[in-house]
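Here is a friendly briefing to read alongside the model. Please keep the viewer open while you go through the points.

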Amino acid sequence: MKKLTPTLFAAALMLSPATISAQPDNTNTEKKVDQEVVVEANDQMQFNKKAFEIKAGDTIKLTLKHVGKLPKIAMGHNLVILQKGTNLAGWASKAMTAAATNYIPVDETSKKALIAKTKVLGGGESDSITFSIKEAGEYQYLCSFPGHFALMQGKITVK
Ligand SMILES: [Cu+2]
């Protein structure tokens, strides 16, 4: 052991510069966040933000906070961002029956329309996601929990 340790130590030292120099090119796990957005959802079936603006191509960190007290089964909330031009009511009605996939419909059309989504949260929970949108325009977001989208929706303007 006493003989091996210095050798291993030297080996580790020799390895580490290579590992470090490779990292900036190869790992995208810690993307730089350009903008943070926090949206709250409550027991009255409301988002506190009905619109926000971002820059095309920016990395956005979005946090959804369920500030209510009701459990997920009664007052679950998520935040789902859809491609522009998506029929919101159509997408939401498919979501309603998609309980097995946390109210995210998985047919091809619905999947294509999905840009980003948080988990479904109960009171007191929160979830953060990162996303970016390349093309400027107006995008919609909603809560896809059954019966919620009519009240719980908003608009993202991408400039
Ligand atoms: Cu909701």
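This is a predicted model: local features need pLDDT of at least 70, side-chain atom pairs count only at pLDDT 80 or more; totals for chains, interfaces and linings use all residues.

Residues are numbered from 1 along each chain as its sequence is written, and side-chain values use heavy atoms, with hydrogens and water left out.

**Overall fold**

- The chain has four helices and eight strands; helices (H or I, at least four residues) and strands (E, at least two) are DSSP runs, numbered from the N terminus.
- Along the sequence, these elements follow the pattern α-β-β-β-α-β-α-α-β-β-β-β.
- Of the 159 residues in the chain, 35% are buried.
- Among contacts (heavy atoms within 4.5 Å) with a separation of 6 or more, 71% are between residues 24 or more positions apart.

**Copper site**

- Four residues coordinate the copper ion, namely His77 (ND1), Cys143 (SG), His148 (ND1) and Met152 (SD), at 2.1 to 2.7 Å.
- Donors here are N, O and S atoms within 2.8 Å of the metal (3.2 Å for Na, K and Ca), and water is not among the atoms, so sites may look incomplete.
- Along the chain, the donors of the copper ion follow the spacing H-x65-C-x4-H-x3-M.
- The angles among the four donor atoms run from 83 to 131°, and the site is irregular.
- For that label, four donors count as tetrahedral if all angles lie between 85 and 135 degrees; four count as square planar and six as octahedral if opposite donors are over 155 degrees apart and all others between 65 and 115; anything else is irregular.
- Ideal angles at a metal are 109.5 degrees for four tetrahedral donors.
- His77 counts as buried because its relative accessibility is 0%, and Cys143 is buried because its value is 0%.
- His148 is in the loop between β7 and β8, and His148 is buried, with a relative accessible area of 3%.
- The C-alpha atoms of His148 and His77 are 8.3 Å apart, although 71 residues separate the two along the chain.
- Not counting residues up to four places away in sequence, His148 touches Met45, Met75, Gly76, His77 and Cys143.

**Cavity**

- There is one cavity of 30 Å³ or more in the structure, and about 30 Å³ of space lies in the largest cavity.
- A cavity is a set of points on a 1 Å grid over the protein atoms alone where a 1.4 Å probe fits but cannot get out, and lining residues have an atom within 4 Å of a point.
- Grid points are joined across faces, edges and corners, and a volume is the space filled by probe spheres set on the points.
- Its lining consists of Ala92, Met96, Cys143, Ser144, Phe145, Pro146, Gly147, His148 and Phe149.
- By class, the lining of the largest cavity has six nonpolar, three polar and no charged residues, with Ala, Val, Leu, Ile, Met, Phe, Trp, Tyr, Cys and Pro counted as nonpolar, Asp, Glu, Lys and Arg as charged, and the others, Gly among them, as polar.

**Strand residues**

- Val37, in strand β1 (residues 35–41), is buried because its relative accessibility is 4%.
- Beyond its neighbours within four places in sequence, Val37 is in contact with Lys49, Phe52, Ile60, Lys61, Leu62 and Thr63.
- Ala51 belongs to strand β2 (residues 51–54) and counts as partly exposed, at 46% relative accessibility.
- Ala51 and Ile156 are 105 residues apart in sequence, yet 5.7 Å apart in space, C-alpha to C-alpha.
- Apart from residues up to four places away in sequence, Ala51 touches Tyr141 and Lys155.

**Loops and backbone**

- Most residues other than glycine have a negative phi.
- Met45, in the loop between β1 and β2, has a positive phi of about 65° although it is not a glycine.
- Asn102, in the loop between α3 and α4, has a positive phi of about 55° and is not a glycine either.
- Val106 lies in the loop between α3 (88–96) and α4 (108–113).
- Leaving aside neighbours within four places in sequence, Val106 contacts Thr101 and Lys111.

Methods:
On a 1 Å grid over the protein atoms alone, a cavity is a set of points where a 1.4 Å probe fits but cannot get out, and a pocket is an open set with protein on both sides within 12 Å along at least five of seven lines; lining residues have an atom within 4 Å of a point. Buried means under 20% relative accessible area, exposed over 50%, partly exposed in between (1.4 Å probe, protein chains only).
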